[in-house]
Amino acid sequence: MDFSWIEGVGTLAALVYLYFSVNQKIWLWPMGILTSAFYMAVFFDARLYADMILQVYYLVVSVVGWIIWRSRQLNEHKETTRILKTTKNRAALFLLAFGLLYGLLTFLLITVPPMLNIAASDMPYWDAFTTAASFVATWMLAKKYIEQWLIWIVVDFVSMGMYIYKGLYITVILFAIYTVMAVWGYFAWLSHLKTQQKTVQVI
């Protein structure tokens, strides 16, 4: 089956998702669901199994994030809700979650494919790294922590190298755009956060 058109449509959906994310629009979540559905097929075909599993997680978190953002809109009586900063304790929990996920995913990527008699993951350590970091960053986006953009910058840059190796050149272009947009997103959110803090001080 030719997966190039699926990759192309998934890429377009992902760009719309990213635009909504940078601009704090709640419609990023349904676009995230659409993107994940297409990329599940793409990554299975490319034997990037951790990335495929990540798309399933994205589907779930997109639903949860949609609910969280909508609830906060209603509670704060605003379309654009507050941006949060990660505390040291919260950052330590996120780092611990990343470490545990990385170890678990690496183990599964190395041991499970032979058990299921399917092709082994080509890049288990890097695949596990980007997947574990993306798990954490997506949850942080659902809760609207600004630091999630810093994680995405690293994830997107590393992912570019992986997809060049796998020959997924449309996705390479997508992740190059992702890297630039993640930098833009961080500074856009930072500007909004500073405005938000000044507003609180005035009140």
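Author: Start with K144, which is in contact with Q24, W69, R72, T80, T81, R82, I83, L84 and W189. That list leaves out its neighbours within four places in sequence, and contact means heavy atoms within 4.5 Å. This is a predicted model, where local features need pLDDT of at least 70, side-chain atom pairs count only at pLDDT 80 or more, and totals for chains, interfaces and linings use all residues. Residues are numbered from 1 along each chain as its sequence is written, and side-chain values use heavy atoms, with hydrogens and water left out.

Reader: Where is the place of K144?

Author: In the loop between α5 (124–143) and α6 (148–166). Helices here are DSSP runs of H or I with at least four residues, numbered from the N terminus.

Reader: Is K144 buried or exposed?

Author: K144 is buried, at a relative accessible area of 0%. Buried means under 20% relative accessible area, exposed over 50%, and partly exposed in between, with a 1.4 Å probe and protein chains only.

Reader: What about the phi of K144?

Author: K144 has a positive phi of about 70 degrees, although it is not a glycine. Most residues other than glycine have a negative phi.

Reader: Q24 was on that contact list. Where is Q24 found?

Author: Q24 sits in the loop between α1 and α2. Q24 counts as buried at 6% relative accessibility. Its phi is positive too, about 60 degrees, and Q24 is not a glycine either.

Reader: Which residues does Q24 touch?

Author: W69, T80, T81, I83, K144, W189 and H192, not counting residues up to four places away in sequence.

Reader: Changing topic. How many residues does the largest nonpolar core have?

Author: The largest nonpolar core has 45 residues, and W29, W149 and Y163 have the most contacts inside it. A nonpolar core is a set of buried Ala, Val, Leu, Ile, Met, Phe, Trp, Tyr and Cys residues joined through side-chain atoms within 4.5 Å.

Reader: Which helices supply at least two residues of this core?

Author: α1 (4–22), α2 (28–45), α3 (49–76), α5, α6 and α7 (169–202) each do. α7 gives the most to this core, with 9 residues.

Reader: What area do domain 1 and domain 2 bury between them?

Author: About 3,200 Å², with 68% of it on carbon and sulfur atoms. Buried area is the accessible area (1.4 Å probe) that two parts lose on being put together, summed over both. V22, R47 and Y49 supply 17% of the area that domain 1 buries against domain 2, more than any other three residues.

Reader: How many salt bridges does the rule find across the interface?

Author: The rule finds 0 salt bridges between domain 1 and domain 2. A salt bridge is a side-chain nitrogen of Lys or Arg within 4 Å of a carboxyl oxygen of Asp or Glu.

Reader: One more spot. Which helix does K166 lie in?

Author: K166 lies in α6. K166 is in contact with A46, R47, L48 and D122, leaving aside neighbours within four places in sequence. K166 and R47 are 119 residues apart in sequence and 9.4 Å apart in space, C-alpha to C-alpha.
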